[in-house]
Each structure stands twice: as C-alpha cells, then as structure tokens.
Amino acid sequence: MAESDGGHALEAQFEELFRASYAGLVRSLTVAAGSQEVAADCVQEAFCRAYVRWRRVGRYDEPVAWVRRVAVNLLIDHSRRMQRHDRALARMPVDVEPPPSDPLEVDLEGALDSLTPQQRVAAALFYVEDLPVTEVAAAMKLSEGAVKYHLHQARATLRDTLDAHREDIS
Amino acid sequence: MSPNEFDDGELRGGLQDLAPDVDVRSALDALRPRARRARTRHRARLAAGVTAGILLVGGGAVALTNTSNDKVSITPATSPKIADDTSTTTVPPPTTPTTANPDTTSPTAAPTDATTPDSSPPGAPSDSRQLPTQSTAPTSPTTDHGRGNDTAPDTEVRTYSSAGGSIDVHVAGGVLMLDDVRPAGGYDEAADKRVERDDRIRVEFERKDGNHQGQPPRVEVRIINGELVQTPVDPSS
C-alpha cells in the first residue's frame, strides 16, 4: 500500500513537471523544428523516457533539464534526417512553387530554414525559452563557447532578415 | 541573466511570435497511455535481459557439466573392446584346474597368463573393465589365441596323442579339463610345463634319459570355434 502511495506520489510529481514545462518546451522546439507536430512528438518522447526512469530522474535537481536535453537530442537527430531527406528531394527534377510570402510580414521562418539545426536550436532555446547560455549549452551538450558561436551565427542571419524587412517597409 | 551581445528584443519577439499556443491538458491525456506503454516495454526489456543473463549462466553451467561428462564418457568409449576380452576372463582359470586336479596344477601356468586373472578379482566386473587401461591387452590375443569367443558344448573324454605320450580331456561347462596324462615308454611328463586353461591344455613330455633330438614332444588341445582341436605346438610359447 505504501508502495502504491509512493507510486501515486511519483506520478503526481511527474505530472506536475509536465504541466509546468511541457508548453515552454514545445513552443521553443517548434521554432527550432519549424513544425509543432515534430516538436510535440520529440517532447512527448522525452517525457515518456523520463516517466520510465522517473524514480531516478525525479530525484535530479532539475528534472526538466534532463527532459529538455533528451528532447533536443531527438530534435537534432530528426532535423539531420530531414536535411538529408531535403537534399535528396532537391536533386529530383521537380518544380516546386514556393508559397507566396506577404511582403509586409517578416519571413523569419524562411530565415530559420537557412540555419543549421544547432543554430536553430540554440536560437530557439535562448530567445523563445529564455534560457541562459549555460543551460542552452547543457541542453545541447555543447560548451558555452560553442553555443555562443551558434547564437552569433544565428543572430547574424536572422538580424539580416529583420533589417531587410525593415528596409522593405520603409 | 546579464545583458550580453545576444540580447535582441526584436528578434526575441519575432521568434516568440512563431511559437504556437500549446494545450497542456490534452497533451497530458495523450501522454499517459503512451508513457505506460513505454514503461511496459521498458520492463519487458529488463525482464528479457535478466532472463537472457540467467539462461547464459545456466547454459554455461550445463556446458561445463557436459564437458566433464564427456571426460567421463571417454572411458566407456574405449571399454567395449576391452570388455569383450575381459568378459571371458572374469572366470578365473586357475580355480577350475585347482578343483579338478589339485595335484597337477602347474605353478608356471599362472605367470604366462597372469596379467588378466591376477589383476581381475573374480566377481568384480568393475575392476575387470579397468584392466584394459593397462598395457597388457595387446599381449592377450597372442598368448590366448582363440579363447575369447570360444565355448564348446560338453563332450565325452577324448584322447590326443604325441610321440611322447597321450592325454585325455573333456569339456564340461565350457571348460576344457584334463582327465589323464599317459607318457609313452621312455617318456615322462615334463615338470612345470603343463598349461591348463579353460580353452587350452598343453602337456609336454621329456625322455627319461634326457637325450632329446630336437624339440620335445607335446600335446596341445584347444577349443576353437566350439570344437576341440589339436594344434601344433609352438616351441617358443
């Protein structure tokens, strides 16, 4: 009975973490992935893995950091697979009309597509989830210097897009 | 977080606008069955791993046991050939002539055939199986030719003769028995030359005056293929 109570307590603890962090993770990883469906799938898979190991993960100081790290890994792996897929599609002689863009709307999504997966993830975690560089580095299993490099590259590309849009408007 | 070179409010706002609203409640409802399935699979993998480990350890133990059994079974693998030889030697030959003719038992008969009967106590088959491990087995066919599979039905007394005399033998219970020795005139039975076994009897004669020209006369009778046969005597045997 005590064990059952302990199990319920663990489940409650897990669900509390899920309610507190799921939305933020999905929002940031949606920006990183360019797809809410992909981001939600990665985050849910990360939570499933945490649930299976919750007796251990739940004792961490920041269980959400573990979940985020797993989700980021899944997302980067997915992005790399999709990049190979996209390159293979690009070699096929198919004429694909790009969707028309609104000249009054900044095309940040198009600019994000020109970033590498690591640049996108770094930018999403830093700008969307408001994580400090140290936590971004921990989530991406990179050094802070490497994260800063990716952030610098991402910001330069995205900044160019924003500046070009501002010039177009003016 | 202190302001740094990456702080960019416009960029932050633009990216956060791209982030969608998320329904946490429905996501949690969708997660519960998925998480339970994941936990079930995880436990199944753990159980499979533990089972595989147990099977591996158990299989290793069985393999070790079989290895040691193989070592034991080597002895039976070589024993049948020897068991046939010893099967007929489990009946100790010296006992029969001793009871039949206690006075004529030759002390020299035992050493010629000593390897088998002396080392195999009667009524101890386990010991007789161990005999083949000794190096005496190859000598048995040369010294005990034809005796291994030869058994003869009981016979009446028969007489076999040579220049030095004659002997009377008969078969009783598959054992060749010496009934009488009759030296010819001028001959006596040679002392310490008689051989009496279950399937072979040999008696050597010598002249009373000791003057022999060539080989002394002998009479040897064997059971060969169930028949009593007088065989030529090998002087060297």
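Q: How much area is buried between chain B and chain A, and what share of it do carbon and sulfur atoms give?
A: Buried area is the accessible area (1.4 Å probe) that two parts lose on being put together, summed over both. In this predicted model, about 3200 Å² is buried between chain B and chain A, and carbon and sulfur atoms give 65% of that area. Contact means heavy atoms within 4.5 Å; 29 residues of chain B are in contact with 38 residues of chain A.

Q: Which conventions apply to the numbering and to the values?
A: Residues are numbered from 1 along each chain as its sequence is written, while chains are lettered from A and ligands numbered from 1 in the order in which they are written. Local features need pLDDT of at least 70, side-chain atom pairs count only at pLDDT 80 or more, and totals for chains, interfaces and linings use all residues; side-chain values use heavy atoms, with hydrogens and water left out.

Q: Which side chain meets B:R36 in a salt bridge?
A: The partner is A:E11, at 3.8 Å from N to O. This pair crosses between chains, from helix α2 (residues 24–89) of chain B to helix α1 of chain A; helices (H or I, at least four residues) and strands (E, at least two) are DSSP runs, numbered from the N terminus. A:E11 also forms a salt bridge with B:R39, at 3.9 Å. Since A:E11 lies in helix α1 of chain A and B:R39 in helix α2 of chain B, this pair too joins two chains.

Q: Are B:R36, A:E11 and B:R39 buried, exposed or partly exposed?
A: Buried means under 20% relative accessible area, exposed over 50%, and partly exposed in between (1.4 Å probe, protein chains only). B:R36 is partly exposed because its relative accessibility is 38%. A:E11, at 21%, is partly exposed, and B:R39 is partly exposed at 24%.

Q: Where does the salt bridge between A:R159 and B:D8 lie?
A: The closest N and O atoms of A:R159 and B:D8 are 2.6 Å apart. A:R159 lies in helix α8 (residues 144–169) of chain A and B:D8 in the segment before α1 (9–18) of chain B, so the pair joins two chains. Both residues are buried. A network of salt bridges links A:R155, A:R159, A:D163, B:D8 and B:E10.

Q: Which residues form one aromatic cluster in chain A?
A: Rings of Phe, Tyr and Trp (its six-membered ring) pair if their centres lie within 6.5 Å; planes under 30 degrees apart count as stacked, over 60 as edge-to-face and the rest as tilted. The cluster consists of A:F14, A:F18, A:Y22, A:F47, A:Y51 and A:W54. Over all chains there are eight aromatic pairs. One of them is A:F14 with A:F47, edge-to-face at 5.9 Å centre to centre and 80 degrees between the planes. This pair links distant parts of the chain, helix α1 (residues 2–33) and helix α2 (residues 36–52) of chain A. A:F14 is buried at 3% relative accessibility, and A:F47 is buried at 0%. A:F18 and A:Y22 form a stacked pair, 4.5 Å centre to centre with 20 degrees between the planes.

Technical notes:
Salt bridge = Lys/Arg side-chain N within 4 Å of Asp/Glu carboxyl O.
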